[in-house]
Amino acid sequence: MKKHASAQIPDPSRRQFLRGVGAAIALPTFISLLPRGLMGAELAKAQLATTPTGAPLRTAFLTFPNGAIPAEWWPDGGLTDFTLKSTLQPLAAMRSQLQVLGGLDQVNAKPNGDGGGDHARGQGVFLTGVRLNKSAVDVRAGVSIDQVIARQIASQTRFSSLEMSCSTRNSAICDSGYACAYQYNVSWKSATTPMPPESNPRVIFERLFGAGPHGERAANAQVRLLDRRSLLDFVLDDTRRMHRRLGRHDQEKLDQYLSGMRDVEQRIQQSEKFGPNVDPDRATPAGIPANHAEYVDLMLDMLLLAFQTDSTRVATMMLAHDGNNRSFGEIGISEGHHDLSHHKHDPERVRKVALIERWYVERFAGFLRRMEETTDVDGNSLLHNSRIIFGSGNADGNIHTHVNLPIILAGAGGGLLTPGRYVKHDSKPLSNLFLTLAGQAGVTGLERFGDSTGRLANV
Amino acid sequence: MTFLPSAHTAGLIPLSRRLLAAGAVSLALSGYATGPLPANQPLLESFRTDVRPVLEKYCFDCHAEGSSKGGVAFDELDDASKIADHEIWLRALKNVRMGTMPPSDEAQPTEDEQASILKWIKQQAFALDEQQPDPGRVVVRRLNRVEYRNTIRDLLGVEFDTEAEFPADDSGHGFDNLGEVLTVSPTLVEKLLDASQKIIASAVPAQPREVAERSILGREFNNPTAAANPSPEPVPAAVAANPAFAEFYEAMIKAAKDAAFLSFYEVGSVQHILNAPMTGTYQLSWELQTAEQRMRGEGAPPDLNRCRVRFTIDGVTQLEREFERSGDRNFQLPIEVALTKGEHVLAMTVQPIASDAPQTRQLRMRLNAVKLRGPLEKEGWVVPARHREFFGNGVPQDADERRRYTVQLISQFARRAFRRPADDYTINRLVDAAERIGTQRGNSFERGISHAMVAILASPRFLFREEVTEPLQPGKKYPFVDEHSLASRLSYFLWSSMPDEELFRLADEGRLRQNFSAQFERMLRDPRSSRFVADFTGQWLQARDVANVVIDPLSVILRDRPNPELENARVVFRSLIEDDPIHYTPEEKIAFDHADKLLKEEERRPKPRLTGRLRRAMRQETEMMFEHIIEEDRSVLELIDTNYAFLNEELARHYGIEGVKGSEMRKVELPPDSPRGGVLTSGAVLTVTSNPTRTSPVKRGVFILDNILGMPPAPPPPNIPGLEDVASKDELSRMTMREQINLHAKASLCRSCHLRMDPLGLSLENFNALGVWRESEQNLPVDPSGELVTGEKFQTITDLKRILVTDRRRDFYYCLSEKLLIYALGRGPEYTDTTLLDELADRLEASGGRMSVLLTGLVQSAAFQQSRESSPSFSATADSRLTVADRHSTSESNVVIP
């Protein structure tokens with residue numbers, strides 16, 4: 001679209017943006033969160049993804065790239081008397097709100113005869129727990145845990161899930177013979193349908209709340225829904241007719257389109273159920289800030305807003321894709337992150353990698369703090385009612401290991417979790433944790449996920 | 001573009017016309033005549049008798065009897081199904097063809113032995129039918145972001161920023177236009193629906209008449225106090241080095257040229273004579289900005305000066321407001337006025353507000369534009385700008401004629417959007433919807449048509465390139481794609497966009513195949529083919545990435561010429577910068593100030609940097625090289641070795657070449673001893689294959705293997721041993737890149753692969769990570785010499801280029817042919833493409849590498865003209881009740897739901 005001088009004055013400053021978070025948003029009241037006139041079966045559904053107090057139970061999966069320097073990541077000490085080392089130091093003030101989880105593995109990210117490509121595997125396996133088909137074109141992973149949860153609880157919110165990323169993508173060259181889809185997506189709707197993340201905060205904001213200035217967004221969002229609905233009949237019919245004309249392999253692509261259309265349809269119904277959109281009293285983000293820390297923080301604010309307004313209860317966010325080679329001039333590191341991560345035990349390189357990891361942890365800590373400062377509908381903090389995974393698909397980036405992954409689980413899940421601990425799980429599949437999280441969110445009938453061997457206890 | 005068939009191609013085209021006319025475009029195979037092997041001989045038997053003895057002789061040392069280097073063990077091929085594994089034979093084929101296996105220091109098979117193996121692979125293992133080659137399977141292609149944007153531009157004249165609005169496309173084999181890889185996520189579907197609305201709303205008028213609107217730019221105001229408009233300061237170095245800032249800065253300067261400026265500190269005014277077309281009500285919106293520029297000198301306090309701005313029409317004040325410094329904030333000040341027909345004077349006057357505040361900035365009011373709407377009265381409304389384009393001379397009043405007119409408008413648009421005529425069922429549905437909506441209260445005929453157009457853009461028939469085949473001809477294995485499919489294959493290959501009217505017309509008339517060569521040449525000459533050039537080179541050479549690659553100039557320069565004092569200053573600066581200066585000890589304070597001073601001086605010293613303009617020039621250079629070869633139908637070998645380059649002043653200076661003036665890119669004859677010329681020594685390739693602080697000979701070597709020689713190295717093994725196993729950290733820190741890289745040769749695990757890539761990468765060590773020529777690294781002279789894994793020795797990059805275009809040129813022919821095949825067809829290469837690639841390489845060889853031979857050979861091939869499978873509409877199962885419903889939920893392997 002041609003850009004016209006906008007009548008709206010975008011406010012580029014994240015700080016000013018933040019000023020309103022937690023204060024100026026007209027939150028739905030506790031009661032009105034529950035759709036009106038719920039009957040039997042629907043009432044049961046309403047128990048999905050809710051905390052014991054009835055507040056929404058949110059789940060987010062944040063990933064950071066290239067693993068973590070083990071010596072700087074893992075705390076000293078035991079279950080509750082642990083001390084954080086340098087990488088996790090920014091989380092010191094939040095330690096009672098989180099668990100450091102040791103001993104969780106993604107063994108399907110190991111080479112096992114597939115050779116190189118540990119970054120593609122680390123990213124692609126992280127939330128799916130399956131072996132990836134090593135191919136540049138024949139993409140087959142598995143459904144990711146966020147999508148398993150999202151599918152079950154879709155009826156609870158306007159958006160069944162949210163996918164975000166702070167990575168910009170370069171040309172089409174990817175890791176060692178793996179299709180780029182594995183490395184640039186962490187969320188998978190099906191084995192063959194990745195959920196490409198959105199990286200522009202403006203676009204995310206407008207998708208959640210509507211375009212235009214405050215005061216007009218709800219109406220704009222309504223128009224957008226009506227516009228979409230006006231297309232559904234024709235496009236669905238047209239898609240089905242085209243589907244019939246195609247060969248089997250082509251039909252798979254049309255299935256994706258059809259499934260996307262059904263999601264749109266469902267979202268329209270959800271929207272009608274939930275009434276007018278929430279319209280945060282703030283300027284729409286202007287776009288991607290030039291300063292990278294501001295950018296990541298702004299994206300995390302979008303996540304916070306989405307949770308706070310109960311627009312969705314499930315989200316994924318790639319702080320950067322695995323293998324990312326960004327240099328961190330802002331903290332005086334001009335080498336690329338991935339390049340450095342193969343540090344060969346050179347102390348200077350190790351130090352720099354640890355600083356970069358700490359930079360990511362700082363972003364995460366800031367997000368947790370803002371989540372803690374935001375009061376939820378039941379009077380608890382938003383963080384209390386959430387489960388935020390922060391982790392990487394590589395453990396030791398220097399030699400690409402995928403066992404004892406660096407994982408943090410923040411939030412109390414509304415009381416379902418026991419934070420404030422450093423728990424060593426002693427070589428269990430990460431998928432076991434996912435099984436536990438899915439169960440808490442009300443996912444039923446899921447006996448196994450990825451390489452799981454059972455639900456992870458003691459979380 | 002000129003595209004003159006050369007002596008070689010002149011012979012080719014009539015031949016292919018004949019073939020086309022006969023309905024057989026499959027390329028006659030010239031290189032490999034059908035051999036003596038009986039076709040019915042079982043695969044296993046032929047393997048045992050014809051192949052295994054040769055393998056035993058030359059290959060079993062590494063690939064049998066317990067040794068399986070590269071995961072290949074030939075003695076394990078003991079049953080027919082293992083022997084039929086195409087993947088292993090495709091690797092063998094490439095390695096034997098290139099002479100990379102057996103390694104050059106091992107016994108080599110005779111030419112006859114090589115030929116017999118190649119023949120066996122093609123005829124037995126692949127069972128290729130050279131007369132009727134398998135065209136391969138192209139999965140239905142969704143328009144990617146580039147194609148969507150171009151298609152919307154060509155279809156509707158609207159610029160839609162898909163980069164910002166749609167998530168990134170997935171890619172494979174280095175290209176992002178592969179049907180198999182391009183997926184459709186639910187978010188994308190939602191965005192596509194919204195995009196359809198947005199695009200049509202911005203292109204198609206929704207009313208027959210509307211309020212007139214226009215913008216009067218700031219520069220259209222005459223400014224008697226022109227001195228208030230100082231030229232902007234030169235771009236600061238720190239800004240220029242960051243591409244994101246530099247782009248922004250340049251856009252800002254450009255926009256500033258459209259604005260008028262008035263100083264805060266003196267009385268001034270600007271005015272414009274407005275001609276009102278009729279007496280009526282008008283809305284004016286003053287679009288202002290408070291601009292400020294820092295004065296020279298550090299640490300000036302904020303400027304507290306203020307001013308009053310008055311807006312008048314014919315001397316009568318309409319609006320008055322006070323402004324203070326507010327950092328480039330935008331203001332819109334709307335007014336509504338009654339104007340009589342004729343001329344009026346619009347003026348804006350700035351009056352300083354007396355203040356004792358010192359002037360520490362340059363504060364100015366910036367008038368970007370006045371947006372004018374009106375007259376608002378209906379009789380003054382105008383026909384919307386693009387109304388005629390979409391609705392012709394007007395909408396018929398008669399109901400029947402109106403219906404016919406609706407059918408006509410919608411059919412025309414659907415045909416272009418779907419890239420083939422739409423069926424009656426679809427048209428009727430759309431016409432019904434258009435009429436229903438167009439006749440609703442408050443709606444217009446135009447709105448009804450717009451609705452149908454939105455539906456067309458939201459249809460999968462717009463988003464996906466559905467292909468239809470001709471009926472299968474008797475005696476043929478593979479059907480031709482129909483003429484409309486062919487038109488789209490051509491247009492998306494050469495233009496990254498939809499067919500134009502001429503292609504549509506020919507396809508409608510069923511005459512495109514008859515006129516195929518002429519059309520192909522016309523399309524290549526068309527300016528739109530620059531999209532192919534940009535899109536293909538941007539991905540093949542990764543030239544897209546030069547826009548964002550991050551290289552730290554100081555680190556690069558310190559690597560070329562170490563400067564301990566500066567390096568120490570960097571360490572001191574970084575260790576102290578995070579602390580609050582209040583906590584510095586006196587010694588730290590001195591050390592910090594000293595480091596700060598040194599680094600600031602260094603920062604100001606002119607040095608090569610990747611400015612936004614330089615990055616663009618680098619990218620353009622690769623595009624112009626490729627375009628030049630197409631235009632003049634030159635040898636593709638010139639992409640590697642030439643005596644010319646495409647440069648402007650800035651790029652020439654970066655390359656150390658004298659005598660190029662101005663910003664315009666042009667062809668430059670290189671000095672005889674210049675190492676430049678060709679893609680390998682182009683700034684784009686040299687920078688995108690570097691790390692942020694240094695060159696990466698490994699990345700550069702892999703780049704050449706992958707994109708020039710077509711021999712991608714095996715991926716690195718897991719658990720790579722650290723280099724510290726072979727050298728101490730201290731030793732490592734002082735080594736040149738070559739010394740470090742040579743450590744690969746010491747570790748046996750690394751050796752075999754790195755022998756392939758390292759010499760290639762090291763040959764470019766005379767070019768640092770910024771692509772600048774250097775003689776030394778770590779104060780030691782650079783040694784670019786080396787030896788290819790196939791045995792050729794070289795002293796310099798110039799030698800290597802010569803080897804690549806002589807001894808190894810066939811490898812490059814294969815490689816470029818394969819890359820173009822992937823891009824043109826939107827699918828990965830398969831073993832079934834062996835016949836075509838052989839043919840293309842042979843033709844290139846025979847023609848001296850002419851680009852036209854390659855391109856025409858490709859588009860005339862079975863792969864481009866035919867389809868592996870017939871459209872289901874031609875098979876018996878015309879109408880199967882569709883049951884796609886939730887197929888996904890049952891097919892996921894990692895979720896078990898009992």
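Between chain B and chain A, 24 residue pairs are in polar contact, with both partners at pLDDT 80 or more. The model is predicted. On the chain B side, several elements each supply at least two residues that touch chain A, among them helix H8 (162-165), strand E8 (330-339), helix H14 (424-438) and helix H22 (564-577). H9(B) gives the most to this side, with 12 residues. The contact draws 102 residues from chain B and 100 residues from chain A. The size of an interface is often given as the accessible area lost when the parts come together. Here, chain B and chain A bury about 8,600 Å² between them. Carbon and sulfur atoms carry 55% of that area.

Salt bridges also cross the interface of chain B and chain A, 11 in number. Arg694(B) pairs with Asp339(A) in a salt bridge, with 3.3 Å between the closest N and O atoms. A network of salt bridges links Arg207(A), Arg228(A) and Arg267(A) with Glu190(B) and Asp194(B). Over all chains, the structure holds 90 salt bridges.

Within chain A, Asp297(A) and Arg363(A) form a salt bridge, their closest N and O atoms 2.8 Å apart. Asp297(A) belongs to helix H11 (residues 292-308) and Arg363(A) to helix H13 (residues 347-373), so the pair ties together parts of chain A that are 66 residues apart in sequence. Asp297(A) and Arg363(A) are both buried. Arg140(A) and Asp138(A) also meet through their side chains in a salt bridge (2.8 Å, N to O). Arg140(A) counts as partly exposed because its relative accessibility is 39%. Asp138(A), at 28%, is partly exposed too.

In chain B, the side chains of Arg843(B) and Glu839(B) form a salt bridge (2.9 Å, N to O). Both residues lie in helix H33 (residues 834-847), 4 residues apart, about one turn of the helix. Arg843(B) has 15% relative accessibility and so counts as buried. Glu839(B) is buried as well, with a relative accessible area of 7%.

The largest nonpolar core contains 102 residues. Phe493(B), Phe532(B) and Trp540(B) touch the most other members. Helix H32 (residues 809-825) of chain B gives the most to this core, with 10 residues. Beyond four places in sequence, the contacts of Phe532(B) include Phe493(B), Leu494(B), Phe626(B), Ile630(B), Leu820(B), Tyr823(B) and Leu855(B). Ser496(B) and Thr537(B) are also among the residues that Phe532(B) touches.

His272(B) sits in strand E4 (residues 268-276) of chain B. At 13% relative accessibility, His272(B) counts as buried. A polar atom of the His272(B) side chain lies 2.9 Å from the backbone oxygen of Glu220(B). Outside four places in sequence, His272(B) contacts Ile216(B), Glu220(B), Phe221(B), His344(B), Val345(B) and Leu346(B).

Chain A has 459 residues, of which 64% count as buried. Its secondary structure consists of 14 helices and 12 strands. Chain B has 898 residues, 54% of them buried, and comprises 35 helices and 18 strands. The accessible surface is about 15,200 Å² for chain A and about 39,500 Å² for chain B. Among contacts between residues at least 6 apart in sequence, 73% in chain A and 75% in chain B join residues at least 24 apart.

Definitions and conventions:
Residues are numbered from 1 along each chain as its sequence is written. Chains are lettered from A and ligands numbered from 1 in the order in which they are written. This is a predicted model: local features need pLDDT of at least 70, side-chain atom pairs count only at pLDDT 80 or more; totals for chains, interfaces and linings use all residues. Side-chain values use heavy atoms; hydrogens and water are left out. A nonpolar core is a set of buried Ala, Val, Leu, Ile, Met, Phe, Trp, Tyr and Cys residues joined through side-chain atoms within 4.5 Å. Buried means under 20% relative accessible area, exposed over 50%, partly exposed in between (1.4 Å probe, protein chains only). Contact means heavy atoms within 4.5 Å. Accessible areas come from the Shrake-Rupley method with a 1.4 Å probe; for residues, only the protein chains shown count as cover. Buried area is the accessible area (1.4 Å probe) that two parts lose on being put together, summed over both. A salt bridge is a side-chain nitrogen of Lys or Arg within 4 Å of a carboxyl oxygen of Asp or Glu. A polar contact is a pair of N or O atoms within 3.5 Å; within protein, one must be able to donate a hydrogen and the other to accept it, and residues adjacent in sequence count only if both atoms are side-chain atoms.
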